[in-house]
Amino acid sequence: MNDTDRDLLAQKARGVLRNFRGRSDAVLSCGLVTFDGLVIASELAAEVDPDRFGAMCAALLALSSRASKEVARGQLRQVILDGEHGPMLLHRAGNVGVLAVAAGPSAKLGKLILDAREASRALAELYGEHLA
């Protein structure tokens with residue numbers, strides 16, 4: 001894949017992220033992050049550093065994947081963190097990476113998970129994958 005194709009895919013991915021973020025005022029930041037921490041596309045709050053965000057997501061994924069395998073849970077699909085200022089989700093977007101989402105405390109977790117699943121599916125399809 002050349003740089004022009006990569007830039008076009010990243011632009012389309014940002015469109016999916018904007019649409020996802022627009023569905024809920026509670027979504028504060030979101031991004032498509034590779035398994036090694038590269039932020040492909042993002043819609044991040046101004047105070048969020050994209051490189052640090054990607055690195056932290058990669059670290060969470062690595063530990064969560066190892067824990068999932070250790071207890072024979074199969075391939076990791078989703079990680080949910082619940083902090084006092086709201087939840088954070090990492091939802092697998094095929095082999096591309098994960099959709100990382102930080103939401104505010106008013107977020108409805110069930111709706112957030114469903115919307116994240118749909119956005120992850122759309123992101124994976126951009127890269128030629130079809131998720132069930």
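Me: Which residue in β5 is the bridge partner of Arg 92?

Reply: It is Val 98. Before we go on, note that this is a predicted model: local features need pLDDT of at least 70, side-chain atom pairs count only at pLDDT 80 or more, and totals for chains, interfaces and linings use all residues. Residues are numbered from 1 along each chain as its sequence is written, and side-chain values use heavy atoms, with hydrogens and water left out.

Me: How many bridges join β4 to β5?

Reply: Five bridges join them, and the two strands run antiparallel.

Me: In what order do the strands form the sheet?

Reply: Read across it: β2-β1-β5-β4-β3. That is five strands in an open sheet, with antiparallel pairing. The edges are β2 (39–43) and β3 (78–83), and each of these pairs on one side only. Neighbouring strands are turned by 10 degrees against each other on average, direction ignored. Axes are lines fitted to C-alpha atoms, for helices over the stretch in contact, and angles run from 0 to 180 degrees between N-to-C directions.

Me: Which strands does helix α2 touch?

Reply: Contact means heavy atoms within 4.5 Å. Helix α2 (residues 50–70) packs on the sheet and touches β1 (27–33), β2, β3, β4 and β5. Its direction makes about 70 degrees with that of β4. Helix α3 (residues 109–126) also packs on the sheet, touching β1, β3, β4 and β5, and its direction makes about 30 degrees with that of β4.

Me: Zoom in on α2. Is Ser 64 buried or exposed?

Reply: Buried means under 20% relative accessible area, exposed means over 50%, and partly exposed lies in between (1.4 Å probe, protein chains only). Ser 64 is in helix α2. Its relative accessibility is 18%, so Ser 64 counts as buried. Leave aside neighbours within four places in sequence, and Ser 64 is in contact with Leu 76 and Val 79.

Me: How many salt bridges does the structure hold?

Reply: Look for a side-chain nitrogen of Lys or Arg within 4 Å of a carboxyl oxygen of Asp or Glu. The structure holds four. One of them joins Glu 43 to Arg 18, with the closest N and O atoms 3.4 Å apart. Glu 43 sits in strand β2 and Arg 18 in helix α1 (residues 3–22), so this pair links distant parts of the chain, 25 residues apart. Glu 43 is buried at 18%, whereas Arg 18 is partly exposed at 46%.

Me: What does the pair of Glu 118 and Arg 23 tie together?

Reply: Glu 118 lies in helix α3 and Arg 23 in the loop between α1 and β1, so the pair ties together parts 95 residues apart in sequence. Their side chains meet at 2.5 Å, N to O. Glu 118 is partly exposed at 40%, and Arg 23 is partly exposed at 34%.

Me: Where do Lys 111 and Asp 115 lie?

Reply: Both lie in helix α3, four residues apart, about one turn of the helix. Lys 111 is partly exposed at 42%, but Asp 115 is buried at 12%. Salt bridges with shared partners join Arg 23, Lys 111, Asp 115 and Glu 118 into one network.

Definitions and conventions:
Two strands pair if DSSP finds at least two bridges between them.
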